[in-house]
Amino acid sequence: MIIKGIAPVLVMVVCAALPVAGLTAEYGACMAQSRQDPHAALRLAISWEGQAGGASARHCRASALIELGQFSEAAVILEALAGEHRENPAQYAPLLHQAASAWIQAGDPVHALSLLGQVRDITPENATILEDRAELSVAAGRLWEAVDDLNTLLDYRPDYGPALLLRASVWQQLDAANLALADLERALVLSPNDRGALVERGVLLCQAGNTSAARRDWMAVILGSPDSAEAERARTHLATMDIRHSSAP
């Protein structure tokens, strides 16, 4: 079972400022307009590009296209821009990440994963890239690839709770209950009141036959946040466990 709030894909398309030197006020105005009036920004960017606006104009056009939901066209532009800055990792990696995000929104997660892999190779300690790749791999059913990225991320940041929770959900899908429980225990040391982690630990404890410990976890969620979605899940698990035990010979 996937822990609520972890998956599927949390990569969001946000065209941050173009990571190149010499940006102009015109670029800043175009980018701002792309969020306020993307149709007008698109017209401005196309006109500006025809007047030698270069990378700045094309990046603004991609930003406007994203705001308009034209993700595939934006992704092509962003990937091309990234290719033009391949020799400068400080510019290449962010643009490639933006292109990958656009491809996700365009419905091509396989290509997005490939691009994120290139970004990871350039910036191997980038926690955001590793987490994005892992989340996308989970959504695509490529669970062992997700484990690899999460292992790397946790080598760099061993106390990063979201990665522990995501890896726990992956271990559960891989039927590695002991590993999932170990990650949940670590996550709960960092955040003892995490409702999702408590519910999932209760599930694993119940499956292992430790019904009293499972009940404690679920009751902690129910009593602590009775109106939460996690409390509703805890009540369901608790009722199922009680029915199962009451009907046992």
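In this predicted model, the chain holds 15 salt bridges.

Glutamate 84 forms a salt bridge with arginine 58. The closest N and O atoms of the two residues are 2.9 Å apart. Glutamate 84 lies in helix α4 and arginine 58 in helix α3, so this pair ties together parts that are 26 residues apart in sequence. The two partners differ in their surroundings. Glutamate 84 is partly exposed, with a relative accessible area of 48%. Arginine 58 has a relative accessibility of 17% and counts as buried, because the limit for a buried residue is under 20%.

A second salt bridge joins arginine 61 to glutamate 73. Here the closest N and O atoms are 3.9 Å apart. Arginine 61 belongs to helix α3 and glutamate 73 to helix α4, so the pair ties together parts that are twelve residues apart in sequence. Arginine 61 counts as buried, at 18% relative accessibility. Glutamate 73 is partly exposed, and its relative accessible area is 38%.

Glutamate 230 lies in helix α13 and arginine 195 in helix α11, so the pair ties together parts that are 35 residues apart in sequence. Helix α13 covers residues 229–246, and helix α11 covers residues 195–207. Glutamate 230 is buried, with a relative accessible area of 15%. Arginine 195, by contrast, is partly exposed at 33%. What else does glutamate 230 contact, leaving aside its neighbours within four places in sequence? Besides Arg195, the contacts of glutamate 230 are Gly196, Val199 and Val221.

Salt bridges also form a network. Arg120, Asp121, Arg133, Arg142, Glu145 and Asp149 are linked in this way. Two members of the network, Arg120 and Asp121, fall within helix α6, which spans residues 109–122. Arg133 is also in the network, and its position falls within helix α7 (127–139).

The structure holds one disulfide. Cysteine 30 and cysteine 60 form this bond, and their sulfur atoms are 1.9 Å apart. The pair links distant parts of the chain, 30 residues apart. Cysteine 30 sits in helix α1 (residues 25–36), while cysteine 60 sits in helix α3 (residues 54–67). The torsion about the S-S bond is about -90 degrees, so the disulfide is left-handed. Both cysteines of the pair are buried. A further cysteine, cysteine 206, counts as buried at 15% relative accessibility.

Helix α6 has 14 residues. From its first C-alpha to its last, helix α6 reaches 20 Å. This is close to the 20 Å expected at 1.5 Å a residue. Which residues of α6 are buried? They are Ala112, Leu113, Leu115, Leu116, Gly117 and Val119. Other helices contribute to their cover. Among the elements that cover these buried residues are α4 (71–84), α5 (89–105) and α7 (127–139).

How values were computed:
Residues numbered from 1 in each chain as written. Predicted model: local features only at pLDDT ≥ 70, side-chain atom pairs only at ≥ 80, totals over all residues. Heavy atoms only, no water. Helix = DSSP H or I, 4+ residues; strand = E, 2+ residues; numbered from the N terminus. Expected span 1.5 Å × (residues − 1). Buried < 20%, exposed > 50% of the residue type's maximum accessible area, 1.4 Å probe, protein only. Contact = heavy atoms within 4.5 Å. Disulfide = S-S within 2.5 Å. Salt bridge = Lys/Arg side-chain N within 4 Å of Asp/Glu carboxyl O.
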